Amino acid sequence: MIRLIRADFSRLFMDKIFYIALIFNFGFAAFIGITRYFDSLEYHHYINIPDDFLFVGTEYIGIVIAILSAAFIGTDYSCGTIRNKLTSGHRRISIYFSELLTNIAAAVMIYLAFMAAVCLLAALGFTADFKNDIRDIVKTIFILIPSIAAFAALFTAIDLPIASRSASLIVGVCLALGMIISVSALKFHLSAEEYRQLPVEVTEYGNEPMTEPQYEKNPAYVDGAKRKVYQAVYDILPNGQLLDINEAVIYYELDKFDGKKQMLFAFGEIIVFTAAGLFIFSKRDIR
Amino acid sequence: MEYVLETMSLCKSYRHFKALNGLDMHIPKGAIYGFVGKNGAGKTTLIRLICGLQPPTSGEFTLYGAKNTCGDIYKARRRVGAVIETPSVYLSMTARENLKQQYRVLGLPDFNGIDELLTLVGLSDTGRKKVKNFSLGMRQRLGIAIALCGDPDMLILDEPTNGLDPQGIIEIRELILDLNQKRGITVLISSHILDELSRLATHYGFIDNGRLVKEISAQELETLCRKCARVTVSDISALALILDKTGLEYKILDNKTADIYAHPNITKLTLALADVGCELLGFEERNESLESFFISLVGGERQ
């Protein structure tokens, strides 16, 4: 398998799409950091670039990984070079793990490019240093890696059995977008208050009446079994995990953040996605 | 005889379609084995099975003595290089980068030998040109070069001359002959360009509907396809007597027909036969080619 990993990594470092993704992520982080910094000067509100933006990129990282994985694995199919690997006496399991490890490494490097841009902005004097404890930040980065790896494992499990670059791309991007939308919707329901205040009627002079505020049950709020299901799905989806990390950093709540649970879910997903993908890939007829 | 590849009742089904239906095949070491069959006969399916791209539905094969069901098959496959249908090359890389990539896949310790391979397939002057800008013939030759990485003992070529111009076909043919004769590489070559195959093959396997209908050496085929004159006479013993006297080689087919493996003088033969009271009822020059042999084996349907 070492031979395959070596071959796949050298191909990754020759891959234009990988460099485009690196530059895009670096540039995008720099762009949002700088624009938000100048906005903060104009509107006199406080932003803290390293803490506020370090993990923002996790919100769309799934789409980037989907594209990169489809391009990288799909090339082996579109060029037929996966046949060379099999004919050379490599087992399918070795091919699978080699592609998976390369995908994970690429995904992590791409996210590191985003973080590098944020840190560079901070070093260049755009607002203050980290407000969170730097040791917590480093620890969070290590917690983040399995969640990013879970994305890579998911798209590897899709792309290797699909065996078509264009089909992988469509399925991967649609799935990544679907996950973003699902997580947003779940977050909306899970963070909704149980009761919401009714609108207050003001007097003809514009004053609020001297009565107690009235509340009603919030229809967006979910409870019971439904809430448990929503929470479980949210926890399972890699975006959900990444969103939690991001919020914990932004709201300086890393001390309350359950990193172990996060990592447990992420590693569980990697195992499940890889087992499923490997099972289908090992049964697949390759043309 | 030592066989590099043997298949035993090999079957492969795709849903209800049987692409291979109990195929038995034997490829001797050092042979150029011409694998002949119509489109859809099962040639590429067999190659895919041997190369591990697909598992057989039933039956088995041995490659360099390793059964397909044993772990040793992976080791045996390392002795094989293959070009299946289209050349498997990275289009965004140069010829040299492609070879380096295959060297890495094979785990070869250094890149020595790449220059030699590029020269061998006539791609040494392609420089930084990307494979996407190569002609089909160049890609085909690069595919063969990739298959040759790591000095394989066996080369599997699936329709290697497909889409090539006449010059390209000649180059590939000479390359295959060179590899077989100088390096002793066993070659399995599937094709339906029979004329081209007849210039290369030392052995033939004819496949039809997923079954190997005939396996034959080129020598045996030559004997079967020898030029001859088929004569029909009223008295076969009279003909045999005359032919024995003239010293011509012949073969009696039935009590009226014989094949004469020479070009007899018809006038002299007719007169000699008339002298002994035998009539010449028919005379036909026969020159059976590989193509007609194949058609006689699998039936006259068009490919």
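I began at a strand pairing: B:Y14 has B:F17, in β2(B), as its bridge partner. This is a predicted model, in which local features need pLDDT of at least 70 and side-chain atom pairs count only at pLDDT 80 or more, while totals for chains, interfaces and linings use all residues. Residues are numbered from 1 along each chain as its sequence is written, chains are lettered from A and ligands numbered from 1 in the order in which they are written, and side-chain values use heavy atoms, without hydrogens and water.

**Entry 1: the open sheet**

I looked up the strands around that bridge. Strand β1 (residues 3–14) of chain B pairs with β2(B) in the antiparallel sense over 9 bridges. Two strands pair if DSSP finds at least two bridges between them. Strands (E, at least two residues) and helices (H or I, at least four) are DSSP runs, numbered from the N terminus. The two belong to an open sheet of 4 strands in chain B, in the order β2-β1-β4-β5, with antiparallel pairing. Its edge strands are β2 (17–28) and β5 (66–67), each pairing on one side only.

I then checked what lies across these strands. Helix α1 (residues 43–50) of chain B lies across β1, β2 and β4 (58–63), running at about 115° to β1(B). Axes are lines fitted to C-alpha atoms, for helices over the stretch in contact (heavy atoms within 4.5 Å). Angles run from 0 to 180 degrees between N-to-C directions.

**Entry 2: strand β7(B)**

Next I went to β7 (residues 154–158) of chain B.

I traced its neighbours. Strand β6 (residues 80–83) of chain B pairs with β7(B) in the parallel sense over 4 bridges. Strand β8 (residues 186–191) of chain B also pairs with β7(B) in the parallel sense, over 5 bridges. B:L157 stands opposite B:V83, and its bridge partner in β8(B) is B:I189.

**Entry 3: chain B as a whole**

I noted 11 helices and 14 strands in chain B. Of its 303 residues, 49% count as buried. The C-alpha trace spans about 80 × 45 × 35 Å along its principal axes.

**Entry 4: a residue in chain A**

Last, I looked at A:I23, in helix α2 (residues 16–43) of chain A. A:I23 counts as exposed because its relative accessibility is 61%.

How values were computed:
Buried < 20%, exposed > 50% of the residue type's maximum accessible area, 1.4 Å probe, protein only.
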